[in-house]
Amino acid sequence: MSDKLWDFHGGIHPPENKTQSTQVPITTAPLPARLVIPLQQHIGQPAEPLVEIGDKVLKGQMICAANGYVSVAVHAPTSGTVVAITEHTVPHPSGLPDLCVIMDTDGREQWAERSPTPDYRDLERTELLDIIANAGIAGLGGAGFPAAVKLNPSQEVSIDILVINGAECEPYITADDMLMQERAAEIIQGIEIVIQLLGVKRCLIGIEANKPQAIAALEKYLLEHQLQQQIELVTIPVKYPSGGEKQLIRILTGREVPSGGIPADIGILCHNPGTCAAIYRAVVLGEPLISRIVTLTGAALASPGNLEVLFGTPVSELLAHCQLQEDKLDRLLMGGPMMGVALEDPSLPIVKTTNCIVASTRDELPQSGPEQACIRCGMCAEVCPATLLPQQLYWYAKSKEFDKALEHNLLDCIECGACSYVCPSNIPLVQYYRYAKGEIRAQEHEHTRSEHSRQRFEARKARQDQEAAEKEARRTQRAEAAATKKRSQSGATTDDAAATKAAVIQAALERAQAKKAGQQATAQDPGARDLKTTKPQPKQTEEPAGE
């Protein structure tokens with residue numbers, strides 16, 4: 001166990017409220033009659049449907065293929081029939097619908113063909129990455145980044161430390177805690193696969209001290225398999241949000257992820273325990289990612305706990321299974337009370353990034369009072385784990401000065417909610433930051449579209465200019481060829497004319513010379529001159545003889 005730990009700026013200690021969902025083991029949620037499976041349960045491009053309405057599908061069958069490099073495949077959580085491919089409301093802060101595959105289950109749980117690979121150590125790196133990609137594994141810690149992409153960093157970076165984020169610091173959520181308690185073997189074996197892929201020599205599992213059973217389970221497996229030198233279990237103090245990726249890296253290694261950067265920039269890669277367990281099941285057992293552990297908790301539930309839930313299961317089915325007491329329910333949250341979003345429609349499906357459903361009473365999570373004016377107390381800055389200036393960001397977001405918000409590193413905000421938690425004016429700061437980020441993304445999208453339009457226009461103009469230049473070149477070439485031919489013909493005509501002209505001149509010279517010679521001869525013979533000059537007399541007519 002590591003002796004040296006660091007600390008990060010800020011942080012808070014809200015009530016944990018974790019024990020109410022850890023009293024019973026993980027159970028399997030009942031199979032619903034209908035599943036609503038969104039095509040996008042991850043960061044990146046939505047998956048592309050491979051099925052049509054009326055198709056019979058098997059459990060684990062790929063029904064949507066990854067659409068691009070940063071995308072994730074989607075598989076049928078159980079066997080059944082595709083009844084629709086249409087838009088349906090999905091878990092997202094925007095509340096907007098998205099394209100989903102809707103299937104009716106047949107209750108048979110009939111698996112598609114699987115390809116387990118227990119001897120994965122003999123596989124090439126690319127083969128392992130293909131298995132993980134085809135299994136549709138996205139990060140289960142909340143962000144949903146494609147695991148195969150994350151495990152294939154650029155050749156320009158060198159990863160020397162693997163960090164497993166088992167902190168699970170947010171109140172109420174215990175999905176990772178129970179997974180580590182009950183399935184330590186799957187997690188550790190998944191970690192070994194990741195180590196093989198990355199080639200790292202050091203792995204650190206960070207886990208908060210309030211999870212003693214999980215710590216004991218992991219320690220036991222590491223000891224039994226003599227893995228303590230390769231995989232180090234580190235217990236960290238309880239403080240929110242120690243489970244933030246950058247904050248946990250700071251605690252375990254002392255390294256700081258630069259503003260706007262990612263852990264890979266400083267040689268570190270982070271994974272969630274659930275993601276590692278999913279990698280193990282995909283590689284060793286040949287099972288794609290079709291379910292996850294979800295915490296169902298809150299005082300409005302008579303039977304809280306952790307369930308293994310098929311993706312696409314409506315939240316309402318889980319609430320009924322955990323005996324929701326409608327008369328006590330005040331708020332329904334997807335996620336924890338710090339970073340979760342309110343659920344207005346319990347028909348929303350469980351997706352790969354869903355780790356918790358909180359059904360709270362009014363006394364349990366009382367509503368905040370009305371928003372009041374900022375009193376500039378500075379408490380938000382004191383607790384911000386990203387060392388930002390929340391008050392300034394609030395003003396810029398409210399006044400729509402998004403460029404200034406970006407200059408103050410708005411995108412480094414992890415939306416942990418610590419600033420809102422301590423604000424005495426009840427200002428929903430995180431909501432302002434989310435709004436500003438959304439507007440910035442919309443502007444960037446519009447800028448990207450405009451840039452693409454400009455590039456297309458310039459490419460079209462360049463193509464037209466090139467075509468015009470080529471046409472002009474061809475015209476010029478034809479003109480030059482015609483001129484050359486004309487010059488060639490004109491040259492022959494000129495030669496003929498010159499010869500004719502020379503002949504005429506020669507003839508004239510000869511006539512002149514002949515005339516000159518005649519004149520000289522006349523000058524030498526006067527008689528000839530007289531004969532020439534005497535006019536001829538008329539001829540006399542003879543008269544007839546006399547009668």
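Visitor: Leaving aside its neighbours within four places in sequence, which residues is Lys-437 in contact with?

Guide: In this predicted model, Lys-437 is in contact with Leu-410, Leu-411, Cys-413 and Glu-415, once neighbours within four places in sequence are set aside.

Visitor: And where is Lys-437 found?

Guide: Lys-437 is part of helix α13, which covers residues 429–524.

Visitor: Is Lys-437 buried or exposed?

Guide: Lys-437 counts as buried, because its relative accessibility is 6% and the cut-off for buried is under 20%.

Visitor: What does the side chain of Lys-437 make a polar contact with?

Guide: The partner is the side chain of Glu-415, at 3.1 Å.

Visitor: Let's switch to Arg-292. Which strand does Arg-292 lie in?

Guide: Arg-292 belongs to strand β13, residues 291–297. Arg-292 is buried too, with a relative accessible area of 6%.

Visitor: What else is Arg-292 in contact with, leaving aside neighbours within four places in sequence?

Guide: The list includes Leu-307, Glu-308, Val-309 and Phe-311, and also Val-351, Thr-353, Thr-354 and Asn-355.

Visitor: Now the core. In the largest nonpolar core, which residues touch the most other members?

Guide: Those are Leu-162, Ile-191 and Ile-357, in a core of 71 residues. Helix α4 (residues 184–198) gives the largest share of this core, nine residues. Apart from it lies another core of 20 residues, and Cys-380, Cys-413, Cys-419 and Ile-427 are among them.

Visitor: What is Leu-162 in contact with, leaving aside its neighbours within four places in sequence?

Guide: Its contacts include Ile-191, Val-194, Ile-195 and Leu-198, along with Cys-203, Leu-204 and Leu-269.

Visitor: How many residues of strand β10 are buried?

Guide: Six of the seven residues in β10 (residues 202–208) are buried, so the strand is largely enclosed by the rest of the structure.

Visitor: And which strands pair with β10?

Guide: Strand β9 (residues 161–165) runs parallel to β10, joined by five bridges, and Val-163 has Leu-204 as its bridge partner in β10. Strand β11 (residues 231–236) also pairs with β10 in the parallel sense, over six bridges, with Gly-206 opposite Val-234.

Visitor: What kind of unit do β10, helix α5 and β11 make?

Guide: A right-handed β-α-β unit, with α5 covering residues 212–224.

Visitor: Last one. What pLDDT does the protein average?

Guide: The average is 90, and 92% of the residues score at least 70. Over residues 526–547, though, the pLDDT is below 50, and that stretch has two contacts beyond near neighbours in sequence. Where pLDDT is low, predicted coordinates should not be read in detail.

How values were computed
Residues are numbered from 1 along each chain as its sequence is written. This is a predicted model: local features need pLDDT of at least 70, side-chain atom pairs count only at pLDDT 80 or more; totals for chains, interfaces and linings use all residues. Side-chain values use heavy atoms; hydrogens and water are left out. Helices (H or I, at least four residues) and strands (E, at least two) are DSSP runs, numbered from the N terminus. Buried means under 20% relative accessible area, exposed over 50%, partly exposed in between (1.4 Å probe, protein chains only). Contact means heavy atoms within 4.5 Å. Two strands pair if DSSP finds at least two bridges between them. A crossover is right-handed if, with the strands pointing away from the viewer, the path from the first strand over the helix to the second runs clockwise. A nonpolar core is a set of buried Ala, Val, Leu, Ile, Met, Phe, Trp, Tyr and Cys residues joined through side-chain atoms within 4.5 Å. pLDDT is the predictor's confidence in each residue, from 0 to 100. A polar contact is a pair of N or O atoms within 3.5 Å; within protein, one must be able to donate a hydrogen and the other to accept it, and residues adjacent in sequence count only if both atoms are side-chain atoms.
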